[in-house]
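Visitor: I am new here. Please walk me through this one.

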Amino acid sequence: MGASFLILLREGMEAALVVAIVLGYLARVGKRRESWAVWTGVGLAALIAFALALGGWTLLERLAEEPEEWAEAGVSLAAAAVLTWMVFWMRNQARQVRSSIEAKAARALERGSAVGLASISFFAVLREGSETALFLTAVGGMPWERAAGGLLGLATAIFLGCLVYRGGARMNLRAFFQVTGGLVLLLAAGLLAKGVGGLQDLGALASLKNPLFDLSSLPLVGSGQVKSLLSALFGWNPKPSLEVVAAYLAYAIAVGISYFSGISQAGRPRHA
């Protein structure tokens, strides 16, 4: 539930931010009546994203046991790669995202193109929705847990998007995406480790030491709700192999240093 909440909060907020910027721009230039095109794009993209998610989950459930395990390992590795790309892309685009979106909206209005306006929200929601479908398939868990966490995260994202549109709160969007970006990278590290562990279970990867340690008998981290939460959020495994631990730590350290050093450099004032 925690992983699906974080994913929908992050992905939903990115989509909601694009929609809020376009709607805010239309209101500012006296073109509110054109907002129907924006909402049309949102609705169409949401339907397609939902169909992709439903199709992916249905396909996995219908696969035989071994092909399903291969698919789950592949989806975990793919989701880790896409999450990484998404977080770094947002970090690099955060400063110019508003100006870029408003420029696209202005060009669409100049051409009198409702399709142009709709496409801005359509592709933003479709991109985030497609990524979300992949991520929710990768994190696993009970369907009702993923649905509950996802709906709560999406509702929170929509609420925050409304605040951005209304200007009712001085929300520090840069800090929001930095913090959630760091958490998402930990989620990606867990998915990478899950993928490596899955390939080892299938015999595709050998192990020098498996398990490296065994904490399954300990309370909280070995079993129960806390263990489930840690597993969903960060890929926690109380009986990991050496390679699983190495993959997690190597990713978390290397990618974390790259991500936060980039944030630090972006925040420094430029000197002539």
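Guide: Start with a term. Buried means under 20% relative accessible area, exposed over 50%, and partly exposed in between (1.4 Å probe, protein chains only). This is a predicted model: local features need pLDDT of at least 70, side-chain atom pairs count only at pLDDT 80 or more, and totals for chains, interfaces and linings use all residues. Residues are numbered from 1 along each chain as its sequence is written, and side-chain values use heavy atoms, with hydrogens and water left out.

Visitor: How many salt bridges does a search of the whole structure find?

Guide: Side chains of opposite charge can pair when their charged atoms come close. A salt bridge here is a side-chain nitrogen of Lys or Arg within 4 Å of a carboxyl oxygen of Asp or Glu. Searching the whole structure gives a count of three.

Visitor: Are E14 and R10 buried or exposed?

Guide: Their side chains meet in a salt bridge, 3.0 Å from N to O. E14 and R10 both lie in helix α1 (residues 2–28), four residues apart, about one turn of the helix. Helices are DSSP runs (H or I, at least four residues), numbered from the N terminus. As for E14 and R10, both are buried.

Visitor: How many residues apart in sequence are the parts that E102 and R28 tie together?

Guide: The side chains of E102 and R28 form a salt bridge at 3.2 Å, N to O. E102 belongs to helix α4 and R28 to helix α1, so the pair links parts whose separation in sequence is 74 residues.

Visitor: How far apart are the end C-alpha atoms of helix α4?

Guide: The expected span of a helix is 1.5 Å times one less than its number of residues. Helix α4 (residues 97–111) has 15 residues, so it should span 21 Å. The distance between its end C-alpha atoms agrees with that: 22 Å.

Visitor: What arc do the buried residues of α4 cover around the axis?

Guide: The buried residues of α4 are V97, I101, E102, A105, A106 and A108. They sit on the same side of α4, because the arc they cover around the axis is only 160 degrees. That arc is taken from the directions from the helix axis to the C-beta atoms.

Visitor: Which exposed residues does the face of α4 turned away from its buried side carry?

Guide: Look at the face turned away from the buried side of α4. The exposed residues there are E110 and R111.

Technical notes: Helix = DSSP H or I, 4+ residues; strand = E, 2+ residues; numbered from the N terminus.
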